[in-house]
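Hi everyone, thanks for coming.

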Amino acid sequence: MTDARHARRLDVVPAVVGILLLGLAGIVAWDAASLTLATPYGLGPQAVPNLIAGGLALLGCGHLVAAVRGGTPGPELADPVAVTWIIGGLVALIATIGLGGGFVPATTLLFAATARAFGRRALLADLAIGFGLGILVYLAFTKLLTLSLPQGPLERLL
Amino acid sequence: MDALAALGQGFLVALEPSKLLFALIGVFLGTAVGVLPGIGPALTVALLLPITFKMDPGGSLIMFAGIYYGGMYGGSTTAILINTPGESASMITALEGNRMAKAGRGGPALATAAIGSFVAGIIATLGIAFLAPWLVDIAVRFGPEDYFALMCIAFVTVSATFGDSPLRGLTSLFLGLVLGLVGIDVLTGQARLTFGVPELLDGIEVTTLAVGLFAVGEALHVASRRKHAPEEIEPVRGSLWMTAEDWRRSWGPWLRGSALGFPIGALPAGGAEIPTFLSYTIEKRLTKHPEEFGRGAIEGVAGPEAANNASAAGTLMPLLTLGLPTSATAAIMLAGFQQYGLNPGPLLFAERPDLVWGLIASLFIANMMLIVLNLPLVGLWVRLLAIPQPWLYAGILVFAAMGTVAANPSAVELMMLLVFGVLGYLMRRYDYPIAPIVVGLILGPMAEAQLRRALSISLGDPLVLVQNPVSATLLAIAFIALVAPFAMKGLQRFKAAED
């Protein structure tokens with residue numbers, strides 16, 4: 001009884017992955033077709049992409065077959081709030097650095113958001129720790145290792 | 001005799017104070033990241049790539065190797081004390097090791113793991129020193145078609161043969177191969193898959209992919225299931241010292257584990273999981289105390305830990321002699337060689353013997369340092385586990401962001417980090433292996449270059465791949481390794497239907 005119902009239902013995850021893989025195969029093949037220059041002999045630049053596109057298409061079909069056949073174990077429970085906090089922290093990092101805010105404020109935000117995702121509630125304390133860590137890393141890298149990290153108004157003072 | 005002289009030269013290099021310092025930093029970092037859950041040697045080396053860019057190549061590579069070895073030692077500590085193996089290779093150690101810790105025998109479990117790792121590390125490094133020159137002699141005669149065939153074997157074994165699902169492993173590999181296509185085609189100068197984004201013309205940075213998949217992906221994964229899977233640290237109780245009985249029961253498994261781990265790691269067969277599983281099964285069968293298995297048998301820690309370390313050393317064989325990475329860490333170490341313009345392989349042995357043999361000699365030194373660091377200081381490492389998880393992962397992400405912008409200071413690079421992080425999270429969540437995608441990115445462009453070289457030498461005749469006996473054999477092995485898991489699955493289904 002349960003078996004029959006199971007067999008009729010489509011497994012969502014492999015179905016979605018299968019469709020994405022077929023789409024990716026299409027993109028790779030389309031990109032390869034746009035390459036016009038070829039090498040005089042041997043393989044041109046489009047040969048290997050086409051091979052890979054073929055492989056992706058096969059894997060996509062394999063996923064669709066797996067989806068129809070069913071029986072893929074479902075994923076574990078997940079906490080979407082925590083995931084959102086971390087992704088939010090990374091977006092804040094990218095925005096801060098992209099807008100010229102500099103490395104230290106950017107990592108401060110990332111640190112606090114990640115700590116929050118892992119269940120910390122002391123936002124101010126975490127911001128302070130993140131700020132201290134950011135300054136420490138910034139100084140170690142720019143002064144000791146002479147590597148450049150993104151600068152903002154604050155970093156120019158250091 | 002040649003190997004001995006070369007190794008002696010290597011020791012002269014490795015014993016220079018600056019090299020010793022690099023080795024010490026490496027094993028220290030390696031043990032720390034091995035102990036800490038969520039970061040492993042692959043991620044650590046990836047993070048260090050941009051930082052070491054300006055440093056001495058020999059020293060940096062010694063440090064990377066120290067991290068690799070150290071990670072293998074440290075991983076067992078986490079497996080035994082909190083039952084969360086830092087890497088898949090320590091999964092088996094957790095089985096018996098954590099039971100031993102719960103029964104108050106955590107000390108001897110840690111000791112047999114560390115000494116077993118030492119024994120295996122020394123045996124396997126001797127294996128590298130004596131077998132590498134021999135393999136190099138063979139590899140010198142390899143043409144591009146042979147290299148292409150070897151890489152096909154690596155692709156297949158890393159992704160298909162040993163995972164639980166060849167379909168998911170191959171999917172991961174092909175995603176890596178697609179990422180490897182991005183950038184300018186070296187032969188014709190045309191941009192592939194860049195969609196007009198100038199930052200993509202140079203290709204995808206290995207650092208960004210590895211850091212995104214390993215650091216960001218892991219942080220997302222752990223955060224998402226934190227509420228559902230709490231962890232418990234088992235305090236180390238009782239004496240660290242192994243009793244005479246423990247020694248008697250450990251030395252056999254150590255030697256057998258090394259004998260299993262080294263060849264399986266050295267063949268381009270990928271993964272430390274198989275030798276650890278094999279070692280566990282063998283010890284379970286050979287033991288005089290079968291009733292203890294499942295309740296904390298010391299053999300079940302000693303054997304797999306030795307196998308795990310020996311196979312890690314084994315993967316350095318194909319890496320150094322053929323330039324062929326068969327694990328995620330080895331793949332990133334290859335990227336480390338490449339950032340200095342060095343290409344591991346027979347030529348490197350001829351051109352930079354000081355560097356290669358210095359590296360091999362430093363592996364012996366790293367092992368000595370690790371046994372000292374791990375046995376008496378295990379209490380110190382355990383204290384690392386007391387770092388609150390929120391700060392640990394927040395710190396990891398700060399370093400991940402730093403490594404990425406240090407390699408390439410642009411917001412586009414950080415966006416790629418985010419995309420790869422989400423990808424890594426989804427892959428973990430839906431059980432797709434991570435290593436094949438990294439190997440695909442690094443090895444894919446190399447395989448394409450060798451294939452095109454082979455076909456332009458043969459003036460476009462594809463039969464060159466199967467006319468040469470070496471490449472024909474290697475391609476046949478790759479094909480069998482690709483088809484075997486599917487065929488075996490089919491057989492099982494057939495049998496099940498018959499029953």
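So, B:Ile442 sits in helix H19 of chain B; helices here are DSSP runs of H or I with at least four residues, strands are E runs of at least two, and both are numbered from the N terminus. A quick word on what we're looking at: this is a predicted model, where local features need pLDDT of at least 70, side-chain atom pairs count only at pLDDT 80 or more, and totals for chains, interfaces and linings use all residues. Residues are numbered from 1 along each chain as its sequence is written, while chains are lettered from A and ligands numbered from 1 in the order in which they are written.

Is B:Ile442 buried or exposed? It counts as buried, with 23 C-beta neighbours inside 10 Å. The cut-offs go like this: 20 or more other C-beta atoms within 10 Å is buried, 12 or fewer is exposed, in between is partly exposed, and the C-beta atoms are placed from the backbone. Leaving out residues up to four places away in sequence, B:Ile442 touches B:Val206, B:Pro325, B:Ala331, B:Leu334 and B:Ala335. By "touch" I mean that the C-beta atoms, placed from the backbone, lie within 7 Å. And look at B:Leu177: 265 residues away along the chain, yet the two C-alpha atoms are separated by 8.4 Å.

Now the helix pair. Helix H9 (residues 206–224) and helix H19 (residues 435–457), both of chain B, have axes that come within 11 Å and cross at roughly 175°. The axes are lines fitted to C-alpha atoms, for helices over the stretch in contact, and the angles run from 0 to 180 degrees between N-to-C directions. H9(B) and H19(B) are therefore roughly antiparallel; that label needs an angle over 145 degrees, under 35 is roughly parallel, 65 to 115 is roughly perpendicular, and the rest is oblique. Which residues make the contact? From H9(B) we have B:Val206, B:Leu209, B:Ala210 and B:Leu213, and from H19(B) B:Ile437, B:Val438, B:Leu441 and B:Ile442. That contact splits into 8 nonpolar, no polar and no charged residues. Here Ala, Val, Leu, Ile, Met, Phe, Trp, Tyr, Cys and Pro are nonpolar, Asp, Glu, Lys and Arg are charged, and the others, Gly among them, are polar.

B:Val438 and B:Ala210 turn up again in the largest nonpolar core, which has 213 residues: along with B:Ile332 and B:Leu397, they touch the most other members. A core like that is a set of buried Ala, Val, Leu, Ile, Met, Phe, Trp, Tyr and Cys residues joined through C-beta atoms within 7 Å.

On to the two chains. Their contact takes 49 residues from chain B and 55 from chain A. H17(B) gives the largest share of chain B's side, 12 residues. That side divides into 31 nonpolar, 10 polar and 8 charged.

Last stop, a loop in chain B. B:Leu193 lies between strand E2 (191–192) and H9, and has a positive phi of about 50° although it is not a glycine. B:Phe195 is in the loop between E2 and H9 too, with a positive phi near 50°. But B:Leu193 is buried, with 20 other C-beta atoms within 10 Å, whereas B:Phe195 is exposed, with 9.

Methods
Contact = placed C-beta atoms within 7 Å.
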